Amino acid sequence: KIVSYLSDRKYSIKYLTGKQATEEQFKLMQTANPYFIHLATHGFYLPQSTKNTGTLPGTSAKSDNPLLRSGVLLAGGNKAWLGKPIATGKEDGILNSFEISNLDLRQTKFVVLSACETGLGDIKGSEGVFGLQRAFKLAGVEYIINSLWQVPDEQTSELMQNLYFHWAKGVPFEEAFFKDQKTLKAKYEPYYWAAFQLVK
């Protein structure tokens with residue numbers, strides 16, 4: 001649905017799903033200077049107190065760096081997550097926040113993280129949250145939509161479709177997001193829609 005809405009507005013869309021949505025493809029994307037990125041996948045944040053065997057590549061709950069304890073899973077990431085071997089020369093499919101922070105996304109205006117708990121991280125005094133949102137900010141992104149808890153599939157899909165439908169019709173991105181949250185507020189309890197926040 002989202003692809004059809006934006007294609008109607010003459011955007012050039014690169015749509016990757018399933019086995020195509022690899023960590024390699026994500027990292028290559030920065031060379032195309034994308035205007036927006038939409039990720040619908042699994043997000044994670046491991047508090048430092050979490051018990052972790054240390055088998056998760058590039059991620060450790062023992063690390064002092066919260067950017068190594070948060071990220072998203074891409075194609076193949078479930079293997080690494082479960083401690084299974086990764087093919088030689090391939091990325092593990094676990095894109096952590098530290099890796100994201102080292103990308104050049106200064107031309108990217110919007111990143112939408114349609115996944116669970118993508119707004120979580122360590123809170124560092126008055127410096128804000130260190131996790132995925134900090135990573136994308138360090139990479140140069142202006143607006144980020146993320147979530148504060150595990151989000152339900154059906155209502156999340158409804159919110160995202162409404163967001164892109166209105167944006168494709170010319171409604172400013174911020175206005176479209178808040179408008180669609182109000183629409184869902186009239187239909188559902190806060191749990192179903194209020195996890196998502198817009199960070200500028």
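## Basis

This is a predicted model, in which local features need pLDDT of at least 70, side-chain atom pairs count only at pLDDT 80 or more, and totals for chains, interfaces and linings use all residues. Residues are numbered from 1 along each chain as its sequence is written, and side-chain values use heavy atoms, with hydrogens and water left out.

## Overall fold

The protein has 7 helices and 9 strands. Its radius of gyration is 17 Å, close to the 16 Å from the globule rule for 200 residues, so the protein is as compact as a globular protein of that length. Helices (H or I, at least four residues) and strands (E, at least two) are DSSP runs, numbered from the N terminus. The radius of gyration is taken over C-alpha atoms, and the globule rule is 2.2 Å times the number of residues to the power 0.38. The C-alpha trace spans about 45 × 35 × 30 Å along the principal axes of the protein.

Of the 200 residues, 44% count as buried. Buried means under 20% relative accessible area, exposed means over 50%, and partly exposed lies in between (1.4 Å probe, protein chains only). The accessible surface comes to about 10800 Å², and carbon and sulfur atoms hold 52% of it. Areas come from the Shrake-Rupley method with a 1.4 Å probe; for residues, only the protein chains shown count as cover. Among contacts between residues at least 6 apart in sequence, 70% join residues at least 24 apart. A contact means heavy atoms within 4.5 Å.

## The largest pocket

The largest pocket holds about 1400 Å³ of space. Its lining has 45 residues, and the closest to the centre are Tyr 15, Leu 16, His 38, Leu 39 and Ala 40. A pocket is an open set of points on a 1 Å grid over the protein atoms alone, where a 1.4 Å probe fits, with protein on both sides within 12 Å along at least five of seven lines; lining residues have an atom within 4 Å of a point. Grid points are joined across faces, edges and corners, and a volume is the space filled by probe spheres set on the points.

Helices α1 (2-8), α2 (23-28) and α6 (153-168) and strands β1 (36-39) and β2 (42-45) each supply at least two lining residues. Helix α6 gives the most, with 5 residues. By class, the lining has 25 nonpolar, 16 polar and 4 charged residues. Ala, Val, Leu, Ile, Met, Phe, Trp, Tyr, Cys and Pro count as nonpolar, Asp, Glu, Lys and Arg as charged, and the others, Gly among them, as polar.

## The second largest pocket

The second largest pocket has a volume of about 230 Å³. It is lined by 13 residues, of which Ala 75, Gly 76, Ile 86, Lys 90 and Glu 91 are the closest to its centre. The lining divides into 4 nonpolar, 3 polar and 6 charged residues.

Helix α5 (residues 132-139) is mostly covered, with 6 of its 8 residues buried. They are Leu 132, Gln 133, Arg 134, Ala 135, Phe 136 and Ala 139. Gly 140 follows α5 and has a positive phi, near 110°.

Lys 137 is also found in α5. It is partly exposed, at 30% relative accessibility. Beyond its neighbours within four places in sequence, Lys 137 is in contact with Glu 142, Tyr 143, Ile 144, Val 199 and Lys 200.

Tyr 164 is in helix α6. At 0% relative accessibility, Tyr 164 is buried. Leaving aside neighbours within four places in sequence, Tyr 164 is in contact with Ile 2, Tyr 5, Leu 6, Phe 36, His 38 and Val 112.

Tyr 191 sits in the loop between α7 (173-185) and β9 (196-199). It is partly exposed, at 43% relative accessibility. Not counting residues up to four places away in sequence, Tyr 191 touches Trp 149, Gln 150 and Pro 152.

Asn 33 has a positive phi of about 50° although it is not a glycine. Asn 33 lies in the loop between α2 and β1. Its relative accessible area is 44%, so Asn 33 is partly exposed.

Glu 117 also has a positive phi, near 55°. Glu 117 is in the loop between β5 (110-113) and β6 (121-123). At 23% relative accessibility, Glu 117 is partly exposed.
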